[in-house]
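Subject: Structure for your review

Dear colleague,

Please find below the structure that I am handing over to you. My notes on what was found in it follow directly after.

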Amino acid sequence: MGRPATARINIDALRHNYRIAQQLSAKGAGQVMAVVKADAYGHGATVCATALADIASGFAVACIEEALELRAAGIKQPILLLEGFFEPSELAMIDQYRLDTVIHHQYQIDALVAHPCKHPIRLWLKMDSGMGRVGFAPDEYRKVWKQLNDLSFVKDIVLMSHFACADEPDSEHSQQQLTTFNTYTHGLPGERSFCNSAGLVALKAARGEWNRPGLLLYGVSPFLQAHGIRQKIQPVMELSSAIISIKAIPAGSSVGYGSQWIAHRPARIGVVAIGYADGYPRHAANGTPVLVNGYRVPLVGRVSMDMLTVDLTDVPEVQIGDRAILWGDDLPVNEVAQGAGTIPYQLLSNLNRVPVEYHGILIPDHLHEVEI
Ligand SMILES: *Cc1c(COP(=O)(O)O)cnc(C)c1O
């Protein structure tokens, strides 16, 4: 079997979380577009999309390469390109594979005018309501909406925007964004889409016909602070490995690169076979929790490329070969992210090298028949 590091993906949990997102969306009479960009945040996009194919209303990805992977896997639902297309040459494939695309800039409109689609297309017109990244300024939104609406092959235009601070549930900025969006889309026909995971959970007034949760589907709370949603969702990924060495060291001796951690008492140090090349964050601070046999033990010393070290002094029963969970059911990835000064998104999508094992309901049979 070899190296014990493994990422275990619980498909039942994924489906459970999708249904939670659906219930939240339905309160605003909306549907859920499952965000599976970046290989489904490290969980495997084709497997996750396939596992949701009988219940999901659509999927969202970052680029056409990701979308074509899903079409090749037999996904028939709408697939949305969240950043739109980068070059006019993508339009022929967008048309052929019936993809939805975000329109966030005039150069994309010019390309559409120059390369009309053969099939009716649904566009998602993005307003920059306060994110300060991509999208049309509120005061030019109506004008570009009209340009698109005048194109004969444009079937629908979804009115769309994106939150900058939804991870703080009481953010004034989010309220401001919503007000801006509502003001400048007032009277325009079409479905609306504003919510990412955090918006869907916390900003009821922002729920629209389409919501676009990502992180929530993977069972991770999108909020910086503790939030009740944690109890409703189930973590999909468990990253684990095993203790491969234990040794006693005297007080005053150091552990790891840079000799940066020093034992202040005689200590028992365990080595876990996982490191930053697997996606465990190198910047995780001393004290970041690791779950060994159900005990939370502190990370000590710098994380190496293939290994990390934990202080087992207070859990003498732990032995070589015992499992160590880096994140999963009883250890939210949010806590590890906090220990590393980052966010769960980065940790999940950085997963590397570890074999991924899938558990739970898997691929419906009919989806194996694929034409592309
Ligand atoms: C990534 C992304 C989402 C999903 O965000 P989560 O915080 O993971 O729910 C939604 N909308 C857009 C435009 C995105 O880029």
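How many of the residues of helix 3 are buried? In this predicted model, seven of the eight residues of helix 3 are buried, so that the helix is mostly covered. The buried residues are Ala45, Val47, Cys48, Ala49, Thr50, Ala51 and Leu52. Among the elements that cover them are helix 1, strand 2 (31–35), helix 2 (37–42), strand 3 (58–61), helix 4 (64–72) and strand 18 (356–359).

Helix 1 and helix 3

Helix 1 spans residues 11–26 and helix 3 spans residues 45–52; their axes come within 10 Å and cross at roughly 60°. That angle makes helix 1 oblique to helix 3, and the crossing is right-handed. On the side of helix 1, the contact involves Ile11, Leu14, Arg15 and Tyr18, which meet Val47, Cys48, Ala51 and Leu52 of helix 3. By class, the residues of this contact comprise seven nonpolar, no polar and one charged.

In helix 6 (residues 106–114), the buried residues are Gln108, Ile109, Ala111 and Leu112. They lie on the same side of helix 6, because they cover an arc of only 160° around the axis. The buried residues of helix 6 pack against helix 5 (91–96), strand 5 (100–103), strand 6 (121–127) and helix 7.

The axes of helix 6 and helix 7 come within 11 Å of each other and cross at roughly 15°. Since angles under 35 degrees count as roughly parallel, helix 6 is roughly parallel to helix 7. Helix 6 passes helix 7 in a left-handed crossing. Gln106, Ile109 and Leu112 of helix 6 make this contact with Val144, Gln147 and Leu148 of helix 7. Four nonpolar and two polar residues take part in the contact of helix 6 with helix 7, and no charged ones.

Helix 7 and helix 8

Helix 7 (residues 138–149) also meets helix 8 (residues 172–185): their axes come within 9 Å and cross at roughly 40°. Helix 7 is therefore oblique to helix 8. Here the crossing is right-handed. The residues that meet are Pro138, Asp139, Tyr141 and Arg142 in helix 7 and Thr180, Thr183, Tyr184 and Thr185 in helix 8. The contact of helix 7 with helix 8 has three nonpolar, three polar and two charged residues.

Individual positions

Met160 belongs to strand 7 (residues 154–161). With a relative accessibility of 1%, Met160 counts as buried. Leaving out residues up to four places away in sequence, Met160 touches Leu82, Val102, Trp124, Leu125, Lys126, Met127, Tyr141, Phe181, Ser193 and Arg212. Met160 and Ile103 are 57 residues apart in sequence, and their C-alpha atoms are 9.6 Å apart in space.

Asn196 sits in the loop between strand 8 (192–193) and helix 9 (197–202). Is Asn196 buried or exposed? Its relative accessible area is 17%, so Asn196 is buried. Apart from its neighbours within four places in sequence, Asn196 is in contact with His162, Phe163, Ala166, Arg212 and Pro213.

Glu168 is located in the loop between strand 7 and helix 8. Glu168 is partly exposed, with a relative accessible area of 41%. Glu168 and Gln225 are 57 residues apart in sequence, and 7.8 Å separates them in space, C-alpha to C-alpha.

Backbone angles

Most residues other than glycine have a negative phi. Against that background, two positions may be noted.

- Arg98 has a positive phi, near 55°, and is a residue other than glycine. Arg98 lies in the loop between helix 5 and strand 5, and is partly exposed at a relative accessible area of 43%.
- Asn293 likewise has a positive phi, near 50°. Asn293 is placed in the loop between strand 14 (289–292) and strand 15 (295–298), and counts as partly exposed at 39% relative accessibility.

With kind regards

Terms used
Residues are numbered from 1 along each chain as its sequence is written. This is a predicted model: local features need pLDDT of at least 70, side-chain atom pairs count only at pLDDT 80 or more; totals for chains, interfaces and linings use all residues. Side-chain values use heavy atoms; hydrogens and water are left out. Axes are lines fitted to C-alpha atoms, for helices over the stretch in contact, and angles run from 0 to 180 degrees between N-to-C directions. Helices (H or I, at least four residues) and strands (E, at least two) are DSSP runs, numbered from the N terminus. Angles under 35 degrees count as roughly parallel, over 145 as roughly antiparallel, 65 to 115 as roughly perpendicular and the rest as oblique. A crossing is left-handed if the near helix is turned anticlockwise from the far one by less than a right angle, and right-handed if clockwise. Contact means heavy atoms within 4.5 Å. Ala, Val, Leu, Ile, Met, Phe, Trp, Tyr, Cys and Pro count as nonpolar, Asp, Glu, Lys and Arg as charged, and the others, Gly among them, as polar. Buried means under 20% relative accessible area, exposed over 50%, partly exposed in between (1.4 Å probe, protein chains only). The arc is that of the directions from the helix axis to the C-beta atoms.
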